[in-house]
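This note sets out a few points for discussion. Please read them alongside the sequence and the coordinates.

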Amino acid sequence: MSLCLSYNVFTLNSPKCQSYNKTRLSSQFINQIQVNSLSYDALASPIDFSKKRLNFFRALAAKTPLEISKSSFREKKPKDVNILVVGSTGYIGKFVVKELVDRGFNVIAVARERSGIKGKNDKDETLNQLEGANVCFSDVTNLENLEKSVEDLGVSIDVIVSCLASRSGGVKDSWKIDYEATKNSLVAGKNHGASHFVLLSAICVQKPLLEFQRAKLKFEAELMREAEEDGGFTYSIVRPTAFFKSLGGQVELVKDGKPYVMFGDGRLCACKPISEEDLASFIADCVLSEDKINRILPIGGPGKALTPLEQGEMLFRLLGKEPKFLKVPIGIMDFAIGLLDFLVKIFPSMEDAAEFGKIGRYYAAESMLILDPETGEYSAEKTPSYGEDTLEEFFDKVLREGMAGQELGEQAIF
């Protein structure tokens, strides 16, 4: 499918593009301008829609990817840089789109026709969420469909930003999304001129015990090999630590008087959590920053690393309550995983249930920090920090406003 614009004065009538805006120009006017896609900047004011600007977009649409220098995008002004964002409606993807739009880039956000948790959002809601971006409804799991959608845009792509991630962490879904769909975005984008790929990965791939980690690593390896074989192509691989929302699942329970649940003594895992806004800012930095080219970039939020015990103490302190903890032996999870692995041999359809158990066990025991190859231990000191938002500020906000907009949905197992 081709590009659909979120600006509310008109939409484009190409064969596969549908309109979802309240006010439209007539198809006669659209046929007169004969242009496949326009940047949001060009649409910001009808008065600015001059013949000079129109001719610029006609010229851009006429160029083939081979006619555009692969290194030239870093020399352009942001408004002239076309960024294809896949995974744009995901938890981090929405913030990345907003950050890129705010920085003045021409953002093309690829989205499913039904987005959000369990596809609850229709196209209207998606257009509202991705305001300022040009929204392209397509299927990243189907290379042919995605290639046709990008071709229908009529412009060359400069940069691909992937925020794709499996929603469930299940075995098949991990390989379908974290590897195959992400690779589809690389192929489609690169075939239409893209010379830089920004990948949102995860810090936990350092110790790959889970299928989604293996799928991410396989794509990372292929992305790096692509840059080695093509001197004009570059990448930035971003590996964040824990997100704020993944640590907020117990806030309302504790507020209601329930104990804070943790495994072992509460010190088994630690992290330097980062907010969605700060992470989106870091990802946007990777578009033009030359010091982030062809690098793996682990990143955490500001401040010291926090264990579950410290997170719980923080919550009780904010509530003005005496700490009350429920400590669960990690061995309980080991027993459950062993049982599920046995049942999978008899009932193969249970493989995802067994994988979910392993995911839960992983996050209950492994720190989301740099794994020091010299010591084999996690290092808070070697884990870079970025941004200003703190977990304490997030907890305080959730205590006042609730978790609306921070729902884990199918990722609740994490």
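Leaving aside its neighbours within four places in sequence, with which residues is Asp 139 in contact?

1. Asp 139 is in contact with Asn 145 and Leu 146, its neighbours within four places in sequence being left aside; contact means heavy atoms within 4.5 Å. The model is predicted: local features need pLDDT of at least 70, side-chain atom pairs count only at pLDDT 80 or more, and totals for chains, interfaces and linings use all residues. Residues are numbered from 1 along each chain as its sequence is written, and side-chain values use heavy atoms, with hydrogens and water left out.

2. The loop between strand E4 (134–137) and helix H6 (143–153) holds Asp 139; helices (H or I, at least four residues) and strands (E, at least two) are DSSP runs, numbered from the N terminus. With a relative accessible area of 30%, Asp 139 is partly exposed (buried means under 20%, exposed over 50%, partly exposed in between; 1.4 Å probe, protein chains only). Its C-alpha atom is separated by 9.8 Å from that of Val 86, 53 residues apart along the chain.

3. Thr 307 lies in the loop between strand E9 (295–299) and helix H11 (308–319). Thr 307 counts as buried because its relative accessibility is 14%. Not counting residues up to four places away in sequence, Thr 307 touches Gly 266, Arg 267, Cys 269 and Ala 270.

4. The crossing of H12 and H13 is left-handed, that is, the near helix is turned anticlockwise from the far one by less than a right angle.
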